[in-house]
Amino acid sequence: MQIRSEWPKRCTFDTINIQRREILKDSLKPVFAEVLLPLAIPKTYTYAIPIEFIDLVHFGIRVEVPLRNRRYSGLVCSLHQNKPISRTKNIISIIDDHPIIHEQQMKFWKWMAHYYCAHLGEVMNVALPSGLKLSSESKFILNDGVVLDDLSLTDDEFMVSEAMSIQNEMTIDTIQDILNKKTVYPIIKSLMQKRVLYIKEELKHRYKAKVEDFVMLLPPYDTTLDDALELVSRSEKQARALISIMSLAKSQKHISKKSVYQKGEVNSAVLKALEKKKIISIYSLEISRINLENEDEEFVLTPLSSAQTAALEAVRKHQNDGLVTLLHGITGSGKTRIYVDLIIEAIAGGGQVLMLLPEIALTTQIVNRLEAQIGSQLLVYHSKINDQERVEIWHAAMTTNKLFIGARSALFLPFYDLKLIIIDEEHDSSYKQGTPNPRYQGRDSAVVLAKIFNASVLLGTATPSLETMHNCQMGKYGYVELPTRYGDSVLPSIEIIDLKESYKKGLVKDNFSKKLLEAIEETVLSGDQVILFQNRRGYAPIQRCNFCAWTAECPNCDVTLTFHQAINDLKCHYCGYRQRKQEECPSCGNHELHMLGAGTEKIEEVLSNFLPNLRIARFDYDSTRTKGRQEQILNDFRFQKIDVLVGTQMITKGFDFDHISLVGVISADGLLSYPDFRAVERSFQLFVQVSGRAGRRDKPGKVLIQAFNTDHPVLKDVIEHRFDRFYHRETKERKDFIFPPHFNLIAIWVRHLEFKKTKSAAIRIAELLTSKLGKRVQGPIDPPVVRVRNQYQQIVYIRIEKEKTIISKVKDLIIKTINIIKQDKEIRQVKVSIDVDPY
């Protein structure tokens with residue numbers, strides 16, 4: 001990946017420096033900088049600019065500053081001549097030659113901090129990759145693969161590198177002692193750019209290029225094998241390897257050793273012998289993890305259908321009118337094809353494009369499709385790439401017109417000419433940030449970011465969120481529909497399997513109805529594939545004693561421990577606590593302990609027992625944690641190395657495979673009965689999305705949903721493909737019970753180690769707010785899990801009319817109320833967090 005490091009001439013900072021030049025007119029007065037630190041503090045700090053730095057300090061660069069006996073890399077927000085009353089410390093050093101953000105990013109950060117009731121430093125902390133956030137506590141490690149003699153290092157850089165090779169890790173303070181210098185940030189920055197040092201934290205995600213060995217025939221044997229075959233006439237295996245190489249060369253530009261092993265049924269010793277005879281050469285190439293075995297396959301840009309053409313024109317019209325546009329296309333309608341045309345247009349016009357995806361795994365297929373059309377103008381930004389790459393992509397966003405694909409964190413890239421934002425699967429809950437602050441909604445924040453740049457926004461989904469659809473109904477957003485699938489494919493038929501009746505007739509065993517099992521077997525025998533959806537990972541959520549009803553519970557949280565068979569451990573999915581599976585009841589000593597419920601591990605095991613000849617794989621958080629594992633499973637499924645893929649909601653998110661003709665939902669009831677006002681909406685979306693994986697080509701698909709409550713209206717809406725009916729019923733209920741999208745919602749979370757203090761603080765907050773807001777305040781109430789990580793939790797909800805002035809006043813009142821709580825000696829130690837739009 002080539003990243004431009006020079007600052008382009010077109011990106012001048014004259015506008016930014018007008019303020020600075022005005023200040024410098026009177027050079028006799030000291031100049032001060034407001035510096036933002038990546039900390040949860042409510043203000044910027046003022047630092048004096050030493051005379052030697054006067055010409056170097058300007059908006060958007062990082063500077064090294066002291067704070068409370070530590071040093072941080074802070075961001076310059078503004079310059080002024082207003083000397084603070086208190087003593088002002090000096091900036092220690094300048095880290096950057098050029099700004100690392102534009103003014104638009106600072107405007108976006110300030111909006112986010114204000115709207116989501118967070119500190120500006122918290123936004124900075126989330127926005128910047130860790131390679132751009134340094135403090136005196138940061139620890140560094142030497143890159144094992146670096147050869148110092150091959151690099152052009154200064155004396156200070158060489159001294160640090162040599163010391164680092166002796167010590168396992170070093171802090172900034174240690175580096176200062178070694179060099180006997182206070183100013184070391186520029187040296188560290190240079191060593192990181194030269195990939196000599198890494199921040200210790202990033203080793204968890206350390207990028208390691210995937211390298212594979214390939215073979216090639218050397219002249220003169222690359223044109224005829226006669227002479228080569230004569231040289232190996234005494235070895236049948238070497239002859240077989242040669243014939244295989246020649247055969248593979250007809251269809252492959254690069255012949256992997258792996259493919260020769262498989263085709264010729266030989267091993268590495270055979271190829272080494274051929275290399276020794278100078279018949280072949282063995283070389284290595286760095287290959288993409290995205291395409292894996294599909295490296296040479298091209299994704300052809302299919303022609304637009306008449307429906308897609310009409311939809312594209314409608315999208316353009318709404319964009320010209322300045323409207324955010326919802327592209328409501330059913331599963332398999334070809335929304336991505338429309339994205340491609342809009343992306344190409346924006347980049348051809350010299351602009352930048354951001355495409356947000358809810359799941360990192362989705363980048364595999366999207367990148368494959370777009371790379372063929374856009375090529376090197378595409379960069380992927382998410383948490384699974386190492387921090388050095390994130391910094392490089394960050395700098396690329398400052399200066400180059402490319403397509404940037406990523407999860408919600410890609411919103412913070414320092415764009416300079418953003419023309420188009422596409423939010424795929426806009427309904428997905430993954431766009432909502434949980435912790436840390438700010439708890440932002442990626443979709444809604446993207447709309448604000450687009451306004452700052454005057455860019456277009458396209459929201460794409462088969463199952464629009466109620467908030468987005470409400471905006472369309474109110475005329476705030478444009479609405480475009482794609483009601484048919486692309487080509488000859490049709491929506492799958494959906495059938496509900498009544499588990500009550502099936503159990504009565506003895507037709508259910510280990511969570512599988514007879515009908516579902518028979519359908520799975522029939523599908524695989526016909527050469528097609530199956531997806532099974534079970535929204536619970538692990539083997540079983542409960543281990544219980546049959547005699548005394550003892551249950552394995554987490555000591556830190558009010559939840560049961562989930563058994564994970566792969567590691568033979570009981571594990572808490574909230575705090576990560578682990579213990580070995582109990583062999584006898586710790587309460588009564590009974591040895592008859594049973595696992596209750598079923599997760600993806602158990603579904604996989606049971607199915608393999610019923611149908612042992614099937615090739616089954618899991619696709620959930622546990623099976624995809626290692627880097628590259630997601631892509632590996634998806635590629636194996638794509639190339640039909642897997643017959644049945646068992647997964648959680650990860651498999652519902654927009655994947656497109658050719659040979660899926662059956663989708664099975666193991667249990668619909670758990671989702672529908674979850675205690676949350678969004679449960680019905682999320683259930684509808686998940687069922688429609690997972691159903692949409694079936695029959696996406698010319699062969700019809702089938703969906704089987706197992707449920708006890710077969711009369712639930714959501715299931716009927718899913719069967720009949722009636723989003724309109726679902727939307728009107730659900731939005732009416734939301735309005736009747738004062739919920740979004742008709743009202744705004746704010747959740748105030750109160751946490752403490754003692755339940756009494758938690759409850760007291762929550763009650764006090766609710767009382768103070770109720771005195772001003774009346775019935776808008778609800779609570780405090782218990783969340784679904786009251787204790788997490790040994791902290792008790794309470795929630796106070798506030799429902800507000802959709803009026804900007806009222807919302808702003810309510811937020812100010814909440815912050816004032818929290819400040820009052822912090823003055824109370826009895827309860828000021830409670831942790832209070834504000835979650836705006838908690839959905």
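## Ground rules

Helices (H or I, at least four residues) and strands (E, at least two) are DSSP runs, numbered from the N terminus. This is a predicted model, where local features need pLDDT of at least 70 and side-chain atom pairs count only at pLDDT 80 or more, while totals for chains, interfaces and linings use all residues. Residues are numbered from 1 along each chain as its sequence is written, and side-chain values use heavy atoms, with hydrogens and water left out.

## Two cis prolines

Most residues other than glycine have a negative phi, and most peptide bonds are trans. Here are some spots to check against that. Pro436 sits in the loop between strand 16 and helix 15, and a cis peptide bond joins Thr435 to it, with omega at about -5 degrees. Another cis bond links Pro219 and Pro220, with omega at about 0 degrees; Pro220 belongs to the loop between strand 9 (210-217) and helix 7 (226-231).

## Positive phi in loops

Lys278 isn't a glycine, yet its phi is positive, about 60 degrees. You'll find Lys278 in the loop between helix 10 and strand 11 (280-287). It counts as exposed at 63% relative accessibility (buried means under 20% relative accessible area, exposed over 50%, partly exposed in between, with a 1.4 Å probe and protein chains only).

Gln640 also has a positive phi, near 60 degrees, and lies in the loop between helix 20 (629-638) and strand 29 (644-647). With a relative accessible area of 27%, Gln640 is partly exposed.

Next up is an open sheet of 7 strands, with parallel pairing and the order 14-15-13-16-17-12-18 (two strands pair if DSSP finds at least two bridges between them). Strand 14 (378-381) and strand 18 (477-482) are at the edges, each with a single partner strand, so one side of each has no neighbour in the sheet. On average, neighbouring strands are turned by 20 degrees against each other, direction ignored (axes are lines fitted to C-alpha atoms, for helices over the stretch in contact, and angles run from 0 to 180 degrees between N-to-C directions).

Strand 14 pairs with strand 15 (residues 403-406) in the parallel sense over 4 bridges, and Leu379 stands opposite Phe404 in strand 15. Helix 14 (residues 387-399) lies across strand 13 (352-356), strand 14 and strand 15, at about 130 degrees to strand 14. Helix 15 (residues 442-453) packs on the sheet too, touching strands that include strand 16 (418-424) and strand 17 (456-461) (contact means heavy atoms within 4.5 Å). The direction of helix 15 makes about 165 degrees with that of strand 16.

## An antiparallel trio

Strand 4 (residues 70-80) runs antiparallel to strand 1 (residues 32-36), joined by 5 bridges, and antiparallel to strand 3 (residues 62-67), joined by 6. Ser78 in strand 4 is the bridge partner of Glu34, and Arg71 is that of Pro66. Strand 3 and strand 4 make a hairpin with 2 residues between them, and Arg68 in the turn has a positive phi of about 50 degrees. As for burial, 9 of the 11 residues in strand 4 are buried.

## A helix crossing

How do helix 8 (residues 236-249) and helix 10 (residues 268-276) cross? Their axes come within 10 Å and cross at roughly 80 degrees. The two helices are therefore roughly perpendicular (angles under 35 degrees count as roughly parallel, over 145 as roughly antiparallel, 65 to 115 as roughly perpendicular and the rest as oblique). Residues meeting there include Leu242 and Ile245 in helix 8, and Val270 and Leu274 in helix 10.
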